[in-house]
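Here is a walk through some helix packing. Keep the viewer open as you read.

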Amino acid sequence: MSRPSDLVQGTLDLLLLKILALEPLNGWAIGQRLKQVSGDVLQVSDGSLYPALHKLEQEGWIAAEWRASENNRRAKFYSLTRLGRRQFEKETANWARLSGAIASVLRIEEA
Amino acid sequence: MRIEHWLYELPLRLRSLVRRRRVDAELDEEMAYHVERETEELIARGTTPAEARRAARRAMDGLTLRKEECRDARGLNPIDNTLGDIRYGLRVLAKAPGFTLVAILTLALAIGANSTVFAVLNALILRPLNVPQGETLWGTEYGIDNGFHSYPNYLDLRQRNRSFEDLAAFNFLFVSLDAGHSPSSATGFGTTLNYFDVLRIQPYLGRFYRTGEDRGLNSAPYIVLSYAYWHSRFQDDRGLIGRTVEMNRRPLTVIGVAPPGFRGTLMFVSPDFFTPTTNQDRVDGVSPLDVRGNPRALFETFGHLKPGVTPAQALADLKRVGAYLAATYPKEFAQNQYELGRTGLTSFGGAVNVFMAGLMALAGLILLAACANLGGLFAARSTDRAKELALRLALGSSRNRIVRQLLTEAMLVSVAGGALGLLGSLFLLSRMADWQPFARAPVHVPVAADAHTYLVALVLAVLSGLLFGIVPVRQILRTNPNTMIKAGAGVHPARRVTLRDVLVVVQIAICGVLITSSMVAVRGLVRSLRADFGFDARVVLAGTNLGAAGYSADRVPAMQRRMIDALKTIPGVERVALVNEYPPLLYAAAATTNVFRAETTDMRPANVAATPYRYSVSPDYFEAAGTRVLTGRSFTWHDEKDAPAVAVANREFARRMFGSVAGALGQQFKMQDGTRVQIVGVAEDGKYLSVAEDRKPAIFVPCLQAPATTDYLLVRSRRDPRELTPAIRRTLRELDSGLNVDAGTWASMLDVALFPARVAVVALGVLGAMGVVLSVTGIFGMAAYSVSRRKRELGIRLALGARSGEILKVALGRPIKLLLVGSAAGVGLGMLASRVLAFIVYQATPRDPLVLTGVALVMALVGMLATWIPAQRALALDPVTLLREE
């Protein structure tokens, strides 16, 4: 329930890590960024964002910190940890391998 | 990766747990910020404020659910649920205090019994000696009934075996010790010089004597005190080291004090001191160390097995040395075999092991019965709570959660019961460790609870909690909330045979076994106390140790004669006699000897014709002891050293050697050294080593032909023993003021002989009582439940005019039927179990009408006691209120 059904398992984590690898952001801003970059292709509801973030924090891949937001209010900012960066690189490589494999399967011409 | 991961995760988890309110607040704030920010954004794009707020919230699709998911992500919920379960469980248990109390007490009894028995088992058998690497320490047992070695045999064994790193040996010394104030009697070990080296222990104070300090007999006049003796007798005086004390009037230098935890190398006897065994022939003038045929020189040898040597290999090695000795010294090497045993328990290991194993099994049965009991109670309760459970199921709780909840309740009960039981058992153990079962002997039971005991109690508590907690689970998994809520409890009246019925029967059967065995044991003890010992236990005994009083072997016979004559002058005394060393049944100290047929010339072990107990007695012994002489004569003072060797045999010896009492008279047999002995009389059989023994052969020889420096005087009189005992003491002190006299009636000195039976009876009695308690609570629970469950039916019956008899039959018929089935099974099994008891308790036989009636009575009483309250409850039902309630 926490992820849209068309999102491959674990992909949301990878997207979140990627976004946070660029800069620390708060939950709402992460949602906005996600919509921006993927257009409307990836349907991630705002609700499913937070359980995923808390899970990543629990894993130690991202760290949270209360800071002033862009409109000067207290918000919880997430940033990538050293452990998270390593995980991000690993998952990126995984993803590349996986999508490459899928792509080559799809290229097989029907005999 | 893993460790780093935990470095991050652990603090977070801890924070989530400890500061959960703060964490929850932060979660709220985070979500609120999101909604607010989204609302602003939508308003900025031109949506109306109200619409924007709704849309923002909708986008979160279910705030509460999301928060719950966040908590899940933080791994909070499992811990939360468990805490919740525990809180809820405590509330539920507190609401039924009677049930909770019964359950906890039942379990406390069972777990207490188990941890106590285990602690004793652990102390006596699993870790017998408090020394380093005790597990590779093995003792050699030589002989049939005892572990006695001669010193030359020990030297050969030590030199020729290939299995032990080194062998040490020890013997008992009962001496008088004089530290400058006045002599007092003390018990010590005469040990080989390597004793402490082999044990690998260090002195608490001063030094120990060591291997190689010995340059022949009496060359190491040292003494080492045990910590307890140094503490109680010398008040921890550190200046004692280097001073001289007198042992049997012979000076020894105190060189050290043993460490506090070390109590010698014999399980039940803690020595006051240790001295090189080369000093011991002064103690006991007739047991010279250098004679190969003297088996009384050493009690037991022991040592660490070499690395890689198994006990089986060591035993084969010992037998090899034994065969060599038998071949080399056929005359002196008695008909005995080497055995291997745990050091400290060698001589009674077998019996103690069997007894403790039996006790552990019975304690296990108690625990099983308690689990069956609690399983039944919990099953009954969960049936009563069927409505509650069904409601929870209907409201969407998973069966999993409900099972976990019920298991948590079971665990709470079992942990509380386990803790209480352990406390009780700790108390019991500390009392046991201080216990001195015999006032006259330095015997103690060295038990103490350790980490193992706590662990066992914990494991048993958790296991039994799981065991009885699982019983109701099946029932819950089958519950259909729909029918349950509609119909309420009690829709299936009396099904054929339920799991609960089986549990009750099992439990009662187990209790039946316990009650039967304890009754059999008690009856056995009563009988063995009334049994014919072959002597009159009212005779007063007075033990003296002439060796300890400084008499050399050649002066002993004259002094013994003077003591006998002096005691005869006490008014009212009819007969006075003497037996060297110990009379029958005293301190389990009977000694045996090998005898051969008269025609035998080759005194090799294979030719031994009998191994009777041997007593060296004075004239008048049989008359004074009240042992009947069946034929022939008893001894006179003319049966002296240079007269022909004679003996009085008992009936069993006569029967085995010569076929009959009449046939034995005048016959001859040979001793190990080849002496021909003529039988001049035959006496009745008696008990010699233990009251539980079968008929054993015994011979009596004249004390002048087999002298010894310790003896017991037998005084038969018309007077009350309480007046006679001080008179005897006074008379003997008048002869020699340095004599220590151990006086009392023969019966009062049988403690040691009766000890195993007494312990067995007490232990079984306690377990039997627990069995009674458990069956009462089990039946009570069952009956009370049966009544409460069928209240409505009973109410209707009452309303329709049923009589009390019929009501009782309906309400209690089933529990009583179960009681009957269970008792029958229990008594049957108990009869079988009692055969095992016969090994420990003399004359324990289950085929005893009194035992059968007793068990039946107890079970009937249990039934009445347990069903009394439920029956009252059933009869007091008021149909009007009942029917209105439902």
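Helix 2 of chain A and helix 3 of chain A are oblique to each other. This is a predicted model. Helix 2 covers residues 27-38 of chain A, and the two axes lie 10 Å apart at an angle of about 120°. Their crossing is right-handed. On the helix 2 side, the contact uses Gly27(A), Trp28(A), Ile30(A), Gly31(A), Leu34(A) and Lys35(A). Helix 3 of chain A answers with Asp46(A), Leu49(A), Tyr50(A) and Leu53(A). By class, the residues of this contact are six nonpolar, two polar and two charged.

Now follow helix 3 of chain A across to chain B. Helix 3 of chain A brings Gly47(A), Ser48(A), Tyr50(A), Pro51(A), His54(A), Lys55(A) and Gln58(A). Helix 4 of chain B meets them with Arg66(B), Glu69(B), Cys70(B) and Ala73(B). Four of the contact residues are nonpolar, four polar and three charged.

Last, turn to helix 23 of chain B. Its 15 residues, 721-735, reach 21 Å from first C-alpha to last, close to the 21 Å expected at 1.5 Å a residue. Which of its residues are buried? They are Leu724(B), Thr725(B), Ala727(B), Ile728(B), Thr731(B) and Leu732(B). In an α-helix, residues three or four places apart point the same way, because there are 3.6 residues a turn. The cover over the buried residues of helix 23 includes helix 19 (556-568) and strands 11 (540-545), 12 (573-580), 20 (710-717) and 21 (741-745) of chain B.

Technical notes: Residues numbered from 1 in each chain as written. Chains lettered and ligands numbered in written order. Predicted model: local features only at pLDDT ≥ 70, side-chain atom pairs only at ≥ 80, totals over all residues. Heavy atoms only, no water. Contact = heavy atoms within 4.5 Å. Helix = DSSP H or I, 4+ residues; strand = E, 2+ residues; numbered from the N terminus. Nonpolar A, V, L, I, M, F, W, Y, C, P; charged D, E, K, R; others polar. Expected span 1.5 Å × (residues − 1). Buried < 20%, exposed > 50% of the residue type's maximum accessible area, 1.4 Å probe, protein only. Axes fitted to C-alpha atoms, helices over the stretch in contact; angles between N-to-C directions. Parallel < 35°, antiparallel > 145°, perpendicular 65-115°, else oblique. Left-handed = near helix turned anticlockwise from the far one by under 90°.
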